[in-house]
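Good morning, everyone. Please look at the model on the screen while I talk.

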Amino acid sequence: MTTKTVPLKRRAAWKKLQAHFKAIGGRHLRELFAEDPERGEQLTLAASGIYLDYSKNRITRETLALLVELAEESGLRERIDAMFAGEPINVSEHRSVLHVALRAPRTESIKVDGHDVVPDVHAVLDRMSAFADKVRGGTWHGHTGKAITAVVNIGIGGSDLGPVMCYEALKAYSKRDMTFRFVSNVDATDLVEAVRDLDPTQTLFIISSKTFTTLETMTNAAAAREWLLTGLGGDASAVARHFVAISTNAAEVRKFGIDTANMFEFWDWVGGRYSTDSAIGLSTMLAIGPEHFREMLQGFHAMDEHFRSAPFAYNLPVIMGLLGVWYANFFGAETVAVLPYEQYLKRFPAYLQQLTMESNGKHVTLAGKPVDYRTGPIYWGEPGTNGQHSFYQLIHQGTHLIPCDFIGFAEPLNPLGEQHKLLLANVLAQGEALAFGKTLQQVEAEKIPPELAPHRVFEGNRPSNTLFLQRLTPDALGRLIALYEHSVFTQGAIWQIDSFDQWGVELGKILAKRIVPELQPDATAALAHDSSTNTLIRWLRHAWSTAPATKP
């Protein structure tokens, strides 16, 4: 058995960390800062345009050294090299994992089964750019000859969360005389509200489905097609001027009525949650333009190269990933709060939920053996300062340990008086308050009545990272996304799990397809589910039979 295949809990570094945790796990950040006056200067890292202060974590320099030792012992370097070499590290599907190829410069070469995929990537990017220029420039006309003024992206999962997050994050760079909407939920309300005020003659739909058979996406696509044709007099030839596809299934795309010349390809070595910089990002390119889109790709690539080459002790994604392992596996922390102090990043936590939890929410190792340790913490969050007036109470004084990532920018995109300084003051204040809290003695010194004093005590010792960037640009967004992508990769390598499959989404989809015909008004087949599901189906049938107007 090689070092890399030794079960996690039997590794030498893991055992050292267990002993180390017993020695320092209960220590307070007040003590750690008092003992090491330079801690706030030394436990920082500036790389790839991001400044990370990780000094407010419940670690010492020895902790960091042991975590790095664990990464080395776990074969992280070999896993990184294997990914960039195009090896099939997605073991359950025997696929390469090459989202890094999506942002590789034309001069690079990355091979899958001996084939260099970089020229393929740039061929698609060039086609996307040409199409985007036509739409943005008003030379792409709809069926009636009018220019496109509204774009509706229809997808689900990574085909929605990535595009909508990037659009919102980069709205300051977007073409403001165009409207962009995003539809993912099979709940009809999502589509109905998205198109309610749009003009069919000037609306373009992007249908994102690799197979062009994804149930939710194609159900919404069919409804959008019907809406369009109703508005354009029923001429089916109109579809070709108002729909484009992000897919690899030319036959289904053609059957839908889309000209396959307007089908933009991506590949099975790109997972949905890692695809926002592929053709899935066409809506982003239409919004911000090809030049800004390529700037975002440059940011991705800069972080890729940092992750690929920097020593682990000075590697941003590795450090953040290892800190996540430290809290999940030794402190038992179940969640991580991501708190961007930038309104444009309001969808970033939701995007990270899929990236992190679909990747590392796994219960077996690469070898298919059950894990006996925590994997995949729950990610959540909201932009500051909104969260301060809702859930921060629990983070400060609740009974859960919730590590936090604060994200801020030195320069605002919308300067308005002193508001940005107030925003940044809150970033700094929250990190300080979480770390150091407020003791009973400090409360009593403020002459608070004894019976109220306990309510004013802040325990502190709540860990956080602070990430600062200069300005929210397309380049900066690419670096930030890639930072979390590779942090997830780091954790997956430590936990010996496959971060690139997602079988957990399949069972519910299969069962839903089985249930759909049983929900038809005239369904008579015997039900063979559990007693709860059977009863719920009968309740719905009864509800529809007694209220015919609401029948589906």
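First, the ground rules. This is a predicted model, where local features need pLDDT of at least 70, side-chain atom pairs count only at pLDDT 80 or more, and totals for chains, interfaces and linings use all residues. Residues are numbered from 1 along each chain as its sequence is written, and side-chain values use heavy atoms, with hydrogens and water left out.

Now the sheet. Helices (H or I, at least four residues) and strands (E, at least two) are DSSP runs, numbered from the N terminus. Two strands pair if DSSP finds at least two bridges between them. Which strands make up this open sheet, and in what order? There are 6, running S1-S2-S13-S12-S10-S11, and the pairing is mixed. At the edges sit S1 (44-47) and S11 (378-380), each pairing on one side only. Neighbouring strands are turned by 15 degrees against each other on average, direction ignored. For angles, axes are lines fitted to C-alpha atoms, for helices over the stretch in contact, and values run from 0 to 180 degrees between N-to-C directions.

A word of background. Strands of a sheet pair through backbone hydrogen bonds, either parallel or antiparallel.

Let's walk across. S1 and S2 (residues 50-53) are antiparallel, with 4 bridges. Thr44 has Asp53 as its bridge partner in S2. Ala47 is partnered there by Ile50. The two strands form a hairpin with 2 residues between them, and Ser48 in the turn has a positive phi of about 50 degrees. Next, S2 pairs with S13 in the antiparallel sense, over 3 bridges. Here Tyr51 partners Phe468, and Leu52 partners Leu467. On to S12 and S13: this pair is parallel, over 6 bridges. Asp405 stands opposite Asn465 in S13.

Contact, by the way, means heavy atoms within 4.5 Å.

Is S13 enclosed or open? Of its 6 residues, 5 are buried, so S13 is largely enclosed by the rest of the structure. Buried means under 20% relative accessible area, exposed means over 50%, and partly exposed lies in between (1.4 Å probe, protein chains only).

Zoom in on Leu467. This residue belongs to S13, which covers residues 464-469. Leu467 is buried, at a relative accessible area of 0%. Beyond its neighbours within four places in sequence, Leu467 contacts several residues, including Ile50, Met320, Phe406 and Leu483. Gly408 is 59 residues away along the chain, yet the C-alpha atoms of Leu467 and Gly408 are separated by 6.3 Å.

Now the cores. A nonpolar core is a set of buried Ala, Val, Leu, Ile, Met, Phe, Trp, Tyr and Cys residues joined through side-chain atoms within 4.5 Å. The largest one has 124 residues, and Trp269, Leu286, Phe348, Ile407, Leu477 and Tyr484 touch the most other members. A second, separate core has 25 residues, including Val183 and Phe212. Back to Phe348: leaving aside neighbours within four places in sequence, its contacts include Met165, Ile407 and Tyr484.

Next, helix H7, residues 158-169. How does its span compare with what its 12 residues should give? At 1.5 Å a residue the helix should span 16 Å, and its end C-alpha atoms are 16 Å apart, which agrees. The expected span is 1.5 Å times one less than the number of residues. H7 is mostly covered, with 12 of its 12 residues buried.

Last, two asparagines. Asn315 lies in the loop between H13 (290-309) and H14 (316-331). Asn315 is buried, at 0% relative accessible area. Its side chain reaches the backbone oxygen of Ala310 at 3.1 Å. That is a polar contact: a pair of N or O atoms within 3.5 Å; within protein, one must be able to donate a hydrogen and the other to accept it, and residues adjacent in sequence count only if both atoms are side-chain atoms.

Asn329 is found in H14. At 16% relative accessibility, Asn329 counts as buried. Its side chain reaches the backbone oxygen of Arg374 at 2.9 Å. A polar contact of 2.7 Å also joins the side chains of Asn329 and Trp495.
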